[in-house]
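Here is a short note for a colleague who is opening this structure for the first time. Please read the points below with the model in view.

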Amino acid sequence: MSGEGAVTSAAATAASGAPAYAAAVCAGAAAWLTVERDRGVRRARLVCAGEGAEPGGVAPWQRLVGWVRARVRREWWCLAVGLAVAVLGESVVPLVLGALGVPLVGRLLRARERRRARAARVDAVIALCAALAGEVRAGRQPGAALLAAARSAEGAVGLGGGAAGVLAAARFGGDVPGALRAAAREPGAEGLLGLAACWCVAVDRGAGLASGLGRLTEALRAEREQRADLRAQMATPRSTAVLLAVLPVVGLLMGTGIGAEPLRVLLHTPAGLACLLVGGVLEGVGVWWAVRILRGAVR
């Protein structure tokens with residue numbers, strides 16, 4: 001009898017720990033697919049199109065993962081995680097919360113993409129000014145030098161949506177400073193205002209355009225390095241805020257692992273629902289406050 005009791009106890013322990021293992025597997029898979037999506041989009045498209053395949057072939061599961069990475073937007077993983085937790089907790093609340101999190105996470109991801117595009121445009125403007133200075137020092141006229149510098153990929157990105165107007169003005173003798181000011185309205189392209197000022201000084205007063213562009217390039221590089229140093233200084237408090245934000249999830253996983261059934265308490269009892277509501281509000285307020293502090297420090 002004692003042996004049967006031990007077997008029954010071990011089976012019950014394994015059964016109680018199964019939801020924790022399933023939740024951990026689902027969370028890990030969602031995190032892996034989200035982080036690796038950008039890196040695998042190009043490869044996934046080539047594989048799905050039948051191009052660039054390796055000599056040994058590609059496994060079917062790799063094709064499926066690549067297809068999902070290339071076509072599923074990252075914010076929709078909130079809904080997938082909510083569905084998994086809803087199945088484990090036998091409640092519709094996690095599914096509703098996951099659906100509500102889709103637009104919020106999408107907004108955050110789009111904001112991150114805009115920051116990346118802004119940083120790329122800053123680098124492109126610096127590269128454009130440096131290339132233009134080199135072309136002018138080589139003996140080209142300002143208009144021809146601007147056309148030559150803008151032919152590169154960096155030059156096109158630096159000019160942004162106003163590239164057509166700037167190139168037309170440079171080719172046909174139009175208002176190049178005005179076109180540069182119009183192109184400088186895009187985020188990250190503010191350095192084009194300095195280029196427009198250098199252009200006006202060089203044309204109106206006969207000053208050296210190459211020397212002005214050299215000083216402008218150095219100033220833009222110094223500003224970029226200052227911003228990079230500031231981001232490095234903010235990395236530690238930002239990581240701390242993220243760690244504190246995910247600690248409740250870690251606590252839920254640990255509680256599920258030891259058989260405490262926190263999902264059942266949170267989702268199926270009035271006190272648990274009240275704690276979930278209050279905790280969610282406090283979590284949101286804490287994240288908002290941490291973000292506000294970091295933005296204030298950056299400003």
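1. Glu261 sits in the loop between H11 and helix H12 (262–268), where helices are DSSP runs (H or I) of at least four residues, numbered from the N terminus. The phi angle of Glu261 is near 55 degrees, a positive value in a residue other than glycine. With a relative accessibility of 41%, Glu261 counts as partly exposed, the class between buried (under 20% relative accessible area) and exposed (over 50%), for a 1.4 Å probe and protein chains only.

2. A word on the source: this is a predicted model, in which local features need pLDDT of at least 70 and side-chain atom pairs count only at pLDDT 80 or more, while totals for chains, interfaces and linings use all residues. Residues are numbered from 1 along each chain as its sequence is written, and side-chain values use heavy atoms, with hydrogens and water left out.

3. Helix H5 (residues 93–137) packs with helix H11 (residues 209–257) at an angle of about 155 degrees, their axes lying 9 Å apart; axes are lines fitted to C-alpha atoms over the stretch in contact, and angles run from 0 to 180 degrees between N-to-C directions. H5 and H11 are therefore roughly antiparallel to each other, a term for angles over 145 degrees. Residues that meet here include Val122, Ile126 and Cys129 in H5 and Leu213, Leu216 and Leu220 in H11, contact meaning heavy atoms within 4.5 Å.

4. Ser91 belongs to the loop between helix H4 (77–89) and H5, and this residue is buried, with a relative accessible area of 14%. A polar atom of the Ser91 side chain lies 3.2 Å from the backbone nitrogen of Val93. When neighbours within four places in sequence are left aside, Ser91 is in contact with Ala86, Leu267 and His268.

5. Helix H6 (residues 142–150) and helix H8 (residues 163–172) pack at an angle of about 145 degrees, with 8 Å between their axes. On the H6 side Gly143, Leu146, Leu147 and Ala150 take part, and they meet Val166, Leu167, Ala170 and Arg171 in H8.

6. In helix H9 (residues 176–183), the buried residues are Val176, Pro177, Ala179, Leu180 and Ala183. Seen down the axis of H9, these residues fall within an arc of 160 degrees, so they line one face of the helix; the arc is taken from the directions from the helix axis to the C-beta atoms. The N-terminal end of H9 is capped by Asp175, a side-chain oxygen of which lies 3.2 Å from the backbone nitrogen of Gly178.

Key
Helix = DSSP H or I, 4+ residues; strand = E, 2+ residues; numbered from the N terminus. Polar contact = N/O pair within 3.5 Å; in protein donor to acceptor, adjacent residues only side chain to side chain. Parallel < 35°, antiparallel > 145°, perpendicular 65-115°, else oblique.
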